Each structure stands twice: as structure tokens, then as C-alpha cells.
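Let's take a friendly walk through a sheet and the charged side chains around it. Have a look at the model first.

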Amino acid sequence: MSFDLPLFPERASLAAGQVDLLFFGLLAITGLVAALIVCFLLYFVVKYRRRSENEIPPATQSNIALEVGWIVIPLVIFSVLFVWGTSVYFVAFSQPRDALEVNVVAKRWMWKFQHPEGQREINELHIPVNRPVKLILASEDVIHSFFVPAFRLHRDVLPGTYTEAWFVPIKTGQYHLFCSQ
């Protein structure tokens, strides 16, 4: 599934599909829970409405199975989501050893790239498809944010520190690079 809207740019890296799947899974589960809450709320509003001023509601009794259920079911759901999110995180942050290393320096209104062979580029990066690329990011002046929406890659670049990011491009094309600060 591919979206051409600016909100959902096409997937151009290996990890982007996993990030999208996690996002849409969380969105679906959140929507389902919200719909269930609204349905139960409307049901209980109608069922337990006060019919007269003198009406006394019936006494309620505890239901152990219900109480255990609404503790265990959310615990299982959140545990599955935690494991799923953690696995996507480790994919996104575990860098392969054979990655092509590119040094990136952020400077006011530009990104400078230097390949291992010495080739330099400004505001453009040419890399091979289906090969891991490791970026070593630094800033000369202020805080920058390296952001490539098609790769689902976003890293803050701070002066005086080195930040690493990696991706595997899976499609040939031109992808926009932004500084989102």
C-alpha cells in the first residue's frame, strides 16, 4: 500500500514499512478502544438513567471475572504493543556493519555530505539502492534536524556532538531532505 499524499509519503527505505505498519496498527487499536468506550458509555447512559426523583438505584455486586478481565486484557494488549514497538525500534537503531558511511555536516541553510572515497556534495546525497547507508551527523553552528520523510528518518543534530542514523534505500528516486528545526 502506498500513499502519495504529503502526510503519507511513499516508503523508500527498508524500515519505513515497519514504522508505517506499527503506526496504522496503533491507530486501529486506539480507534477500536475509543469506539468501544463510546458504545459502552451510550449503553450505560440509556440503561441506568434516572426515571424519577425518588428512584433508588439497585445495589451492585462485585464481579471478579469482570475485574480480572479488564486488568488482564489491556495488560496483554499493551504488552504486545510494547514488544512490537521495541522490535521496530531495534530495527531502526541497530546499524549493520557493512554500511556505507557518509559524513554529514549541518551548516546554516545547507547540508554537506562527504563519501568515504572523498566525493563531496551539498544539499544532495547520491547513494546506491539496496545497500545500508550510515550517516554520521554533526553540526557546525546551531541545532538542526535531519529529516527525510520517505525514509521515516528524523534525527536531531547538535553542535559539538555526533549523531548516527542509518537506512536502506529500496527505491531509486529523488527524496526531499529537510531541516525540521
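This is a predicted model: local features need pLDDT of at least 70, side-chain atom pairs count only at pLDDT 80 or more; totals for chains, interfaces and linings use all residues.

Residues are numbered from 1 along each chain as its sequence is written, and side-chain values use heavy atoms, leaving out hydrogens and water.

Glu101 meets Lys134 in a salt bridge (a side-chain nitrogen of Lys or Arg within 4 Å of a carboxyl oxygen of Asp or Glu). Lys134 lies in strand β4 (residues 133-139) and Glu101 in strand β1, so this pair ties together parts 33 residues apart in sequence. Strands here are DSSP runs of E with at least two residues, and helices are runs of H or I with at least four, numbered from the N terminus. Lys134 counts as buried at 14% relative accessibility.

Lys134 also forms a salt bridge with Glu164, and shared partners join Glu101, Lys134 and Glu164 into one network. The whole structure has four salt bridges, including these:

| Pair | Closest N to O |
|---|---|
| Asp20 and Arg152 | 2.7 Å |
| Glu164 and Lys134 | 3.6 Å |

As for the sheet, five strands form an open arrangement in the order β3-β2-β1-β4-β7, with mixed pairing (two strands pair if DSSP finds at least two bridges between them). The edge strands are β3 (120-122) and β7 (163-167).

Terms used. Buried means under 20% relative accessible area, exposed over 50%, partly exposed in between (1.4 Å probe, protein chains only).
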